[in-house]
Amino acid sequence: MRIFPARSAGLAALLVVGGCVSPPAPQRPSRPQPVPVSRPVPPPAPPVPQSADWRDWPVTPGDWTYRSDAQGSIALFGRPGAEALLTLRCDRGSNAVYLSRRGAVAAPFTLRTTSLARTLPVRLSSGEPVYAVAALAPRDSLLDAMAFSRGRFLVEQAGVATLVVPAWAEVARVTEDCRR
């Protein structure tokens with residue numbers, strides 16, 4: 001067999017280049033994923049003790065909104081986009097101001113202002129959601145005390161969280177709507 005020198009040089013070059021290719025990397029064994037370590041969850045922080053003076057307590061998160069309608073007017077307190085936590089409605093037809101709190105608890109309300117504290121009987125509404133409702137006469141001094149309380153007033157009711165409500169203009173506005 002006759003080998004041509006050009007071919008043998010080309011063949012030799014191919015063998016040299018082929019020998020320069022690194023061998024495939026060895027497959028690394030996959031490392032097992034570490035098992036998550038369960039750490040004990042620390043207990044929740046104890047609640048910040050409330051001051052003995054309720055006037056120092058933080059206000060319940062939310063805002064007042066006001067609107068008038070065919071019955072009179074209404075002020076609603078709560079977080080935007082959620083059901084109201086507390087409402088104050090002037091119903092001109094019944095000549096009454098209704099204070100309502102969301103929830104199906106029939107315990108009386110205790111309202112505390114900087115100048116007055118009073119317990120009011122309630123009845124439960126028939127609609128959904130259910131509200132506990134207290135009726136006041138439009139000229140009741142408690143309405144003025146709520147409107148002019150220094151920054152806030154409390155609505156307490158057994159079995160549910162106390163509401164610390166800001167004494168904003170909406171309270172006075174609904175009251176005045178019913179006094180006309």
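Which residue forms a salt bridge with Arg-118, and how far apart are the closest N and O atoms? The partner is Asp-140, and the closest N and O atoms are 2.9 Å apart.

## Basis

This is a predicted model: local features need pLDDT of at least 70, side-chain atom pairs count only at pLDDT 80 or more, and totals for chains, interfaces and linings use all residues. Residues are numbered from 1 along each chain as its sequence is written, and side-chain values use heavy atoms, with hydrogens and water left out.

An open sheet is formed by 4 strands in the order 6-5-9-10, with antiparallel pairing. From one strand to the next the twist averages 20°. Strands here are DSSP runs of E with at least two residues, and helices are runs of H or I with at least four, both numbered from the N terminus. Two strands pair if DSSP finds at least two bridges between them.

Strand 5 (residues 109-112) and strand 9 (residues 152-157) run antiparallel and are joined by 4 bridges. Arg-112 has Leu-154 in strand 9 as its bridge partner.

## Salt bridges

The whole structure holds 7 salt bridges (a side-chain nitrogen of Lys or Arg within 4 Å of a carboxyl oxygen of Asp or Glu). One of them joins the side chains of Arg-112 and Glu-156, at 2.6 Å from N to O. Because Glu-156 lies in strand 9 and Arg-112 in strand 5, this pair ties together parts that are 44 residues apart in sequence. Arg-112 is partly exposed, with a relative accessible area of 31%. For these classes, buried means under 20% relative accessible area, exposed over 50%, and partly exposed in between (1.4 Å probe, protein chains only).

Asp-140 lies in the loop between strand 8 (131-136) and helix 2, and Arg-118 in strand 6, so the pair ties together parts that are 22 residues apart in sequence. Asp-140 is buried at 15% relative accessibility, whereas Arg-118 is partly exposed at 27%. Another salt bridge links Asp-144 to Arg-179, with the closest N and O atoms 3.0 Å apart. Asp-144 lies in helix 2 and Arg-179 in helix 3 (residues 169-179), so parts 35 residues apart in sequence are tied together. Asp-144 and Arg-179 belong with Glu-176 to a network of salt bridges.

## Ser-149

Ser-149 sits in the loop between helix 2 (141-147) and strand 9, and counts as buried at 5% relative accessibility. A polar atom of the Ser-149 side chain lies 3.0 Å from the backbone nitrogen of Thr-114. The Ser-149 side chain also reaches the backbone oxygen of Arg-152 at 2.6 Å. Neighbours within four places in sequence aside, Ser-149 is in contact (heavy atoms within 4.5 Å) with Trp-54, Thr-113, Thr-114 and Ala-167.

## Disulfide

The count comes to 1 disulfide (a pair of cysteine sulfur atoms within 2.5 Å). Cys-90 and Cys-178 form this disulfide, with their sulfur atoms 2.0 Å apart. The link of Cys-90 and Cys-178 is right-handed, with 100° about the S-S bond. Cys-90 lies in strand 3 (residues 86-91) and Cys-178 in helix 3, so the pair ties together parts that are 88 residues apart in sequence. Both Cys-90 and Cys-178 are buried.

Technical notes:
Axes fitted to C-alpha atoms, helices over the stretch in contact; angles between N-to-C directions. Polar contact = N/O pair within 3.5 Å; in protein donor to acceptor, adjacent residues only side chain to side chain.
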